[in-house]
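Here is a friendly walk through some of the packing, contacts and backbone details of this structure. Have the sequence and the 3D view open as you read.

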Amino acid sequence: MHKAWPFLLSAFLPLACGDPPPAGGPGEGEAAFLQASESAEERVEVPPPPFSPGIYPCSACHSLLPTNPNRREFTGFHADIVLSHDEENRWCLDCHDAENRDLLHLANGAPVVFEESYRLCGQCHGEKLRDWRAGVHGRRSGAWNGHKTYLLCAHCHNPHEPRFQPMEPEPSPISPAETVRGGQGR
Amino acid sequence: MRAPRHEIGQDLTRRKFVSVAAAGAAGYLLTACGPRRLHEVPPDQLREAIEKMERDYAERFGTAVSVSGTGPAPGVEFAYALDISRCIGCRRCVYACVEENNQSRDPQVHWIRVLSMEKEGGVHLSESDPYYDPELVPEEGKFYVPVQCQQCRNPPCTKVCPVGATWTEPDGIVVIDYDWCIGCRYCMAACPYGARHFNWQEPTIPDGELNTEMHYLGNRPRPAGVVEKCTFCIQRSREDRYPACVEVCPVGARKFGNLLDPESEIRYILENKRVLILKEELNTMPKFFYFYGT
Amino acid sequence: METLRMFIGFYAGSLRLVSRGNRYYWAWITFLAVLIVSGALAYHEQVTVGLSVTAMRDQVSWGLYIGNFTFLVGVAAAAVVLVIPAYIYDWKPIREIVIYGELLAVSAIIMCLLFVTVDIGRPDRFWHLLPPLGHLNFPESLLAWDVLVLNIYGVINFVVVTHILYRAFHGKPYNKNIVVPLVLLSIPMAVGIHTVTAFLFNGLAARPYWNSSILAPQFLASAFCSGPAILLLVLQLLRRFTHFEIRNEAIWKIAELMAYAMFLNLFLHGAEVFKEFYSDTEHLLYARYWFLGLGEERTLVPFAWTAVGLNVLAFGLLVVPATRRNWVTLNIGCLATYFGVYIEKGMGLIIPGLTPDALGEIYRYLFTATEFRIATGVFSIGFLVFTLMLKVAVPITLGEFRHKPARTTS
């Protein structure tokens, strides 16, 4: 994640103006980056986002490709992604930022870093976000009265196909008649 | 020639007094030095008892173990919340508990029992099935309610124990003194949640699967003929950690914390979610709350 | 010295009495001994392997042992059916035989304590119940109450009978200052032991089948018919095999009292059945399982209706004076009472109380061979104790077994 910093800083653009991306210096990039993330008090510490191996930074490819904002079916790269998340009304670029693929964006266009993708999910799933911040939604581990770790939404829910897949259950308990070594003297 | 009656009477009285006094002294000595309930044993004797446990277990299992004697922390009352809109019935909690708490594998002892119920019927214990065994969970039209010790605030089990082998600790955990329990199983009849389990035979733990981090009131290996049950992983929760079932749940359906801490997840749930408790008309006042997170 | 001589004389004499008998006596003793040995071997298996040799599991954690215990507490309490007419009303026909009721009570208490001992998981820890070394959770735990009252009742009865018999052995009347207060105390104690035993079941909110106010009166009613049932059979056997005399009126009066007790028992059961079936809540599940079965689970239904049938038959035979005075029907009535109450208060109380279990599961409990052997072993010990005590008590009351004072040397 830290290796991406130079890319982020160099490739970043002041989105508020909507101008084509100038090669901004570190000062501008940093300010813009800060726009994409929450204040320190609100930011939730999480493990790194669960990227597929090698997929990030997206700008490694996308900075070289033209931006096509029109909705279409993919046949080459990313054809393996099944979108099953309100796909009738939305598609990729409604969450992924068209101009900078290393970021996501909110409904109002504001950029969001992947480490804070919960803010994006929370737009529609506000209750879940509130519960998640309180530690009531999703897994946590750690100390009940001390430091606890959170997980990103994406750690459990595939953002493209969020529905939990059924899993194999552990064995059912042995019935009482058989709950001993070698049965009993019936 | 028989001695006059009054002398015999005097002899009898003196003899009687001495024998009664001797018995009393012996009783006192035995009570002071002999085995006692862990509930009332003074701290130095408790430490000795725990050290003896460590030596005995080390010898029996061939590996070093540590038995903790950590007491309850002030200002703590543990509570548990379980999100039944999330539970998918995978039973990872059941087996994580078995490993963490050194439960017998054969005969099988499970402290957690996951009941599958029909969504249409709602929470209905008499129509539940703990033996579901599909290929994948969750099954269509079913939801799951895991049941374990509810750590009641008004526990029927501690009332009925004839020897006082089970009691509620100040931090709210209902515990059992495995060395004092006589195995009468009255507490099992009294528990409305089927949460207490008996060792019908000598428990067995496979080699290499012993959890060596123990607590004297929690997961230390039990002998045959005594009752055991969930202790909110007392060996973990008193060291500030989540119980094993909370950590292992893949969907985050289990929540645990301090009821007396207004910032805890438990308080958030009680204040913001609709919670329900099982068999609430029995006034057991469980500290185990079921809620619908969705 | 004389005291010791008298004591030894009593013991030696008693040993002589129990070691002499006709072939029926020895057949009976042998039969009991065989069952006791079988029970002891089975108990050894249970102690070494664990309680898994029984059919009890977490879902049905009490079974044959506690069922028998409950029934026998009732039998012990039944001594009061004789004590009240004998001592309160001073009715001579029963006054002559009240001691046998008390002997039965002692034997029954011994069996109760044995059944509890074989049921608990750690019998080596029974001393945990006894202060000062142990800790008795009194007054919170009803089992603690039961331990106290059963032992006190047993001791009272034992002291009364041994005192009376020992004095009779010496041709002296018993000391009224010892006997009368103890006997009067035994009356509320008898009601007490069975009430406490009932309370230990009906205090459990977790078991709706038991959690009923009428359980205590019902226990007493069934106790007062089942205990005397055995006694009547035993008294008739004594009349047949010894010079023992008992007036018919005594037997018929006891049978009449049993009939009224059985009526009360049936009425209370009926009241319970009405409440369950009419209110038709989920608490009905247990009574339904017992009488009608639940779906395919019908294991206990035959037992339920056998018990009802036997109880009704017993009531009919005992309440009608003609059948009560006929020896054949009287004895059929006694046996019907005994087995009817044995079924409905033994297995018929414990198993439906625990089935379906707290989480709605139905586990089919049927006792194993080992369990049965241990139970018959305990019953045999009780019957043996009763037999041996009778073998000494009857000759004493008949005046045949008396202390022969030594020629005094001065």
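In chain C, helix H1 (residues 2-18) and H16(C) pack at an angle of about 110°, their axes lying 9 Å apart. That angle makes H1(C) roughly perpendicular to H16(C), a label for angles of 65 to 115 degrees, while those under 35 count as roughly parallel, those over 145 as roughly antiparallel and the rest as oblique. Axes here are lines fitted to C-alpha atoms, for helices over the stretch in contact, with angles running from 0 to 180 degrees between N-to-C directions. Helices (H or I, at least four residues) and strands (E, at least two) are DSSP runs, numbered from the N terminus.

On the H1(C) side, C:Phe10, C:Ser14, C:Leu17 and C:Val18 meet C:Leu388, C:Lys391, C:Val392, C:Pro395 and C:Ile396 of H16(C); contact means heavy atoms within 4.5 Å. By class, this contact of H1(C) with H16(C) has 7 nonpolar residues, 1 polar and 1 charged. Ala, Val, Leu, Ile, Met, Phe, Trp, Tyr, Cys and Pro count as nonpolar, Asp, Glu, Lys and Arg as charged, and the others, Gly among them, as polar.

## About the model

This is a predicted model, in which local features need pLDDT of at least 70 and side-chain atom pairs count only at pLDDT 80 or more, while totals for chains, interfaces and linings use all residues. Residues are numbered from 1 along each chain as its sequence is written, chains are lettered from A and ligands numbered from 1 in the order in which they are written, and side-chain values use heavy atoms, with hydrogens and water left out.

The contact of H6(C) with H16(C) holds 20 nonpolar and 3 polar residues, with no charged ones.

Now look at C:Ile36, which is found in helix H2 (residues 23-49) of chain C. C:Ile36 and C:Thr376 are 340 residues apart in sequence, yet 7.5 Å apart in space, C-alpha to C-alpha. Setting aside neighbours within four places in sequence, C:Ile36 is in contact with C:Gly377, C:Ser380, C:Ile381 and C:Leu384.

## Helices H10 and H12

Helix H10 (residues 248-279) and helix H12 (residues 301-319) of chain C pack at about 140°, with axes 8 Å apart. Among the residues in this contact are C:Met258, C:Met262 and C:Phe263 of H10(C), and C:Phe315 and C:Leu318 of H12(C). The contact of H10(C) with H12(C) comprises 11 nonpolar and 2 polar residues, and no charged ones.

## Where chains B and C meet

Chain B gives 49 residues to the contact and chain C gives 41 residues. The area buried between chain B and chain C is about 3,700 Å², with 56% of it from carbon and sulfur atoms; buried area is the accessible area (1.4 Å probe) that two parts lose on being put together, summed over both. B:Ile182, B:Tyr186 and B:Trp200 supply 21% of the area that chain B buries against chain C, more than any other three residues.

There are 2 salt bridges between chain B and chain C, each a side-chain nitrogen of Lys or Arg within 4 Å of a carboxyl oxygen of Asp or Glu. The side chains of B:Arg113 and C:Glu361 meet in a salt bridge at 2.6 Å, N to O.

## Backbone details in loops

The peptide bond from B:Val137 to B:Pro138 is cis, with omega near 0°. B:Pro138 sits in the loop between strand S3 (113-118) and strand S4 (142-147) of chain B. The bond from C:Pro131 to C:Pro132 is also cis, with omega near 5°, and C:Pro132 lies in the loop between H6 and helix H7 (142-169) of chain C.
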